[in-house]
Amino acid sequence: MLFPVRLASLPKFFAITLISAFFLSYSNNLSSLLSGLKSLSKRFTQTQVPRNMSSTPDFKQVLDSLPETPNKIPVFFFAHGSPMLAFPRTDRPNDLGSFQSYQGSTGPLHKFLSAFGPVLLRKYQPKGIVVFSAHWETTEERLVTDYGAENPLLMDYYGFPESFYQLKFKSRGDTALAQRVVDLYKETGLKARLTNKLENRGEDGRGFSGPGLDHGVFVPFRIMFGEEFTDIPIVQVSIDSSMDPEKNWQAGRAVANLREEGILVLSGGLTAHNLRDRSSFSPETAKPIHKEFDAAIHKAIQIESAEERKKALQALPKHPGFRASHPREDHFVPLYVAAGAGEGGEVKTLCDLYGIPTFVFGL
């Protein structure tokens, strides 16, 4: 459990305390009693704040602690958020409650991503970025974008205000990098091929099918790197639609050599993503089963033995709370891609917030 004493028991706790105080008042000065209760209340409140549901932590301190290793860049699983990261509360649907404040433009995820991107560029000076997203999956073979001078955007979300379809993120691709990714897959016996602007890859919320970087890439990237980011190329790779942990681990492992070639590998998803139960998205509304699963993820990440950590991570879809947080595995398996690409090194938690963590592999 995340709480030493469950929050549900808080009123009972204080009731018992107050009853005891009533009897103690016969033999103690009232002012001293009230002072003691105030102190007790303060201590109780401080000890009940769970591991990853407190106020926004000091992201700068933990990000600055990353080693500068441009010759072997670590791999990152990061929370990619939603389109609501990009807009103030007034522009969003008004029925999303605490989700807005937690994962919106003023919440801790936005603050983290704003600090995260510049640190990646400064510490690793990447020559390019290869990114995987929960929102692009293919069967049997990996598709790799070869979009040339400007990456199009696939706004693969529906029913939002018009302003949500006017987002900008200018970036470029690179044929040589895309082909290098394809070659690495083929060298390990996995199927892969290039895809270009002429090939549609999904439905766009603006009413057509098209190519492009999906919102699991351009929404967080415009926060991390700015609305115009053309200094280094970005290539996206699809995840394995089988949702099999080992197959997606292999999809990451196949591109591990890129780390020593100056390429930053990122894999985006979420550790809580249940659109049928919006309470799963925020620690304020999450049920105990959601929080138990969240705790299990962090417990697995902290295992020192690489072999045992892998077993624990791949067993997470069997956890009793998995389906409550993930009716489908698509937002969770990018974690396996990152773990595979960063296999063989240490693992560290950079953002320790419920449902929206960032982990670094291969330190």
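Is His 215 buried or exposed? In this predicted model, in which local features need pLDDT of at least 70, side-chain atom pairs count only at pLDDT 80 or more, and totals for chains, interfaces and linings use all residues, His 215 counts as buried because its relative accessibility is 6%, where buried means under 20% relative accessible area, exposed over 50% and partly exposed in between, with a 1.4 Å probe and protein chains only. Residues are numbered from 1 along each chain as its sequence is written, and side-chain values use heavy atoms, with hydrogens and water left out.

The protein chain averages a pLDDT of 84, and 81% of the residues score at least 70, pLDDT being the predictor's confidence in each residue on a scale from 0 to 100. Over residues 1-50 the pLDDT stays under 50, and for this stretch the model has 27 contacts beyond four places in sequence, a contact meaning heavy atoms within 4.5 Å. The secondary structure of the protein chain comes to 12 helices and 12 strands, helices (H or I, at least four residues) and strands (E, at least two) being DSSP runs numbered from the N terminus. Of the 363 residues in the protein chain, 52% are buried. Among contacts between residues at least 6 apart in sequence, 78% join residues at least 24 apart.

His 215 belongs to helix α7, which spans residues 215-225. Helix α7 is mostly covered, with 11 of its 11 residues buried, including Phe 218, Arg 222 and Phe 225. The buried residues of α7 pack against the strands β1 (75-79), β2, β8 (228-229), β9 and β10 (263-269), and also against helix α5 (108-124). When neighbours within four places in sequence are left aside, His 215 itself is in contact with Pro 83, His 135, Leu 154, Asp 156, Tyr 157 and Pro 220.

Strand β9 (residues 234-240), one of the elements against which α7 packs, contains Val 235. Val 235 is buried, with a relative accessible area of 0%, and, apart from neighbours within four places in sequence, its contacts are Ile 129, Val 130, Val 131, Val 144, Thr 145, Asp 174, Leu 177 and Ala 178. Not counting residues up to four places away in sequence, Leu 66 touches Phe 76, Val 119, Lys 123, Tyr 124, Leu 350, Val 360 and Leu 363, while its C-alpha atom is separated by 9.3 Å from that of Leu 120, 54 residues apart along the chain.

Helix α8 (residues 245-253) packs with helix α12 (residues 334-341) at an angle of about 45°, with their axes 6 Å apart; this angle makes α8 oblique to α12. Axes are lines fitted to C-alpha atoms, for helices over the stretch in contact, and angles run from 0 to 180 degrees between N-to-C directions, with angles under 35 degrees counted as roughly parallel, over 145 as roughly antiparallel, 65 to 115 as roughly perpendicular and the rest as oblique. In this contact, Pro 245, Asn 248, Trp 249, Gly 252 and Arg 253 of α8 meet Tyr 336, Val 337, Ala 339, Gly 340 and Ala 341 of α12. The residues of the contact of α8 with α12 divide into six nonpolar, three polar and one charged, where Ala, Val, Leu, Ile, Met, Phe, Trp, Tyr, Cys and Pro count as nonpolar, Asp, Glu, Lys and Arg as charged, and the others, Gly among them, as polar.

Helix α8 also packs with helix α10 (residues 306-314), at an angle of about 130° and with the axes 10 Å apart, an arrangement that makes α8 oblique to α10. Here Pro 245, Glu 246, Trp 249 and Arg 253 in α8 meet Lys 310, Leu 313 and Gln 314 in α10, and the residues of this contact divide into three nonpolar, one polar and three charged.

Most residues other than glycine have a negative phi. Met 243, in the loop between β9 and α8, has a positive phi of about 65° although it is not a glycine, and counts as buried at 6% relative accessibility. Glu 140, likewise not a glycine, has a positive phi of about 70°; Glu 140 lies in the loop between β2 (128-138) and β3 (141-145) and counts as exposed, at 60% relative accessibility.
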